[in-house]
Amino acid sequence: MELIKYYFPNLTERQIEQFAALYDLYTDWNAKINVISRKDIENLYPHHVLHSLGIAKMLGFKDGSSIMDLGTGGGFPGIPLAILFPGSHFHLVDSIGKKIKVAQAVADAIGLENVSFRHCRGEEEKEIFDFVVSRAVMPLADLVRIIHKNIRKEQINALPNGLICLKGGELAHEIAPFRRQALSVELKDYFKEEYFKTKKVVYIPL
């Protein structure tokens, strides 16, 4: 939790309380429904919460923005981003019902009001959003194909609407079809922990 306060020093008391509550909630739920690797739960803040917040290093969402988190699992990156950007709405989608159940229970427990949830595949979701965010659920080309229909035409943010994705490792082949318009940031430039050495945030306007 100290990591979150260190990298995001302007959090309100309410946001600090919400972030602080995540560890016990996820530890408790993870014992019942495995949404995070059992060996990795103690790294909840660097590997899951802070990693999710890396998206904010690409773009700070304006109030009134709507964002879909596709393949949210237990709520990443959607729940940490919803805490950080209380003026934006986050719609968390996953094809596995028990994972959505955990994300919804965590959001309810911390009083997160700017989130909604749906148990479905990305192809079934027809709503439109300013952005779709995702954490390495599938190759970029597949993601783009699925979510193209979900991107709103009207713009309100500093970047044109599109996809913002958390990725790791070698990405040249994945980005190649979009290289003219894609942007990427290296999270190691912002977060000094070893975990972020190969982590990137990739943005593709749509």
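## Report on a predicted chain

Leu-171 lies in the loop that runs between strand E5 (162–168) and helix H7 (172–175). The model is a predicted one. With a relative accessibility of 4%, Leu-171 counts as buried, because buried means under 20%. Apart from residues up to four places away in sequence, Leu-171 touches Lys-200 and Val-202. Leu-171 and Pro-139 are 32 residues apart in sequence, and their C-alpha atoms are 9.7 Å apart in space.

**The chain as a whole**

The chain contains 7 helices and 7 strands. Read from the N terminus, the order of elements is α-α-α-β-α-β-α-β-β-α-β-α-β-β. The radius of gyration is 16 Å, close to the 17 Å that the globule rule gives for 206 residues, so the chain is as compact as a globular protein of that length. Along the principal axes, the C-alpha atoms fill a box of roughly 40 × 35 × 30 Å.

Of the 206 residues, 53% count as buried. The chain exposes about 9600 Å², and carbon and sulfur atoms supply 51% of that area. Among contacts with a separation of 6 or more, 71% are between residues 24 or more positions apart.

How many of the residues of strand E1 are buried? In E1 (residues 66–70), 5 of the 5 residues are buried, so this strand is largely enclosed by the rest of the structure. Ser-66, Met-68 and Leu-70 point one way from E1, while Ile-67 and Asp-69 point the other way, and all are buried.

E1 runs parallel to E2, and 5 bridges join the two. In this pairing, Ser-66 has His-89 of E2 as its bridge partner. E1 also runs parallel to strand E4 (residues 131–135), to which 3 bridges join it. Here Ile-67 stands opposite Phe-131 in E4.

Strand E2 (residues 89–94) pairs in turn with strand E3 (residues 115–119), in the parallel sense and over 5 bridges. His-91 has Ser-116 in E3 as its bridge partner.

The pairings can be set side by side.

| Strands | Sense | Bridges | A residue pair |
|---|---|---|---|
| E1 and E2 | parallel | 5 bridges | Ser-66 and His-89 |
| E1 and E4 | parallel | 3 bridges | Ile-67 and Phe-131 |
| E2 and E3 | parallel | 5 bridges | His-91 and Ser-116 |

**Helices between the strands**

The loop between E1 and H4 holds Pro-77. The peptide bond that leads from Phe-76 to Pro-77 is cis, with omega near 10 degrees.

The loop between H5 and E3 holds Ile-110. Is this residue, Ile-110, buried or exposed? At 5% relative accessibility, Ile-110 counts as buried, because that value falls under the 20% limit. Leaving out neighbours within four places in sequence, Ile-110 is in contact with Arg-14, Gln-18, Ala-21, Leu-22, Leu-25, Ile-79 and Ile-83.

**Cysteines**

A disulfide is a covalent bond between the sulfur atoms of two cysteines. In this model, a disulfide is counted when two cysteine sulfur atoms are within 2.5 Å. By this rule the count is 0 disulfides. Cys-120 is in no disulfide, and the nearest cysteine sulfur, that of Cys-165, is 17 Å away. Cys-165 is likewise in no disulfide, its nearest cysteine sulfur being that of Cys-120, 17 Å away. The distance of 17 Å is not within the 2.5 Å limit, so these two sulfur atoms do not count as a disulfide.

Where do the two cysteines stand in terms of burial? Cys-120 is buried, with a relative accessible area of 4%. Cys-165 counts as buried too, at 0% relative accessibility.

Definitions and conventions
Residues are numbered from 1 along each chain as its sequence is written. This is a predicted model: local features need pLDDT of at least 70, side-chain atom pairs count only at pLDDT 80 or more; totals for chains, interfaces and linings use all residues. Side-chain values use heavy atoms; hydrogens and water are left out. Buried means under 20% relative accessible area, exposed over 50%, partly exposed in between (1.4 Å probe, protein chains only). Two strands pair if DSSP finds at least two bridges between them. Helices (H or I, at least four residues) and strands (E, at least two) are DSSP runs, numbered from the N terminus. The radius of gyration is taken over C-alpha atoms; the globule rule is 2.2 Å times the number of residues to the power 0.38. Contact means heavy atoms within 4.5 Å. Accessible areas come from the Shrake-Rupley method with a 1.4 Å probe; for residues, only the protein chains shown count as cover.
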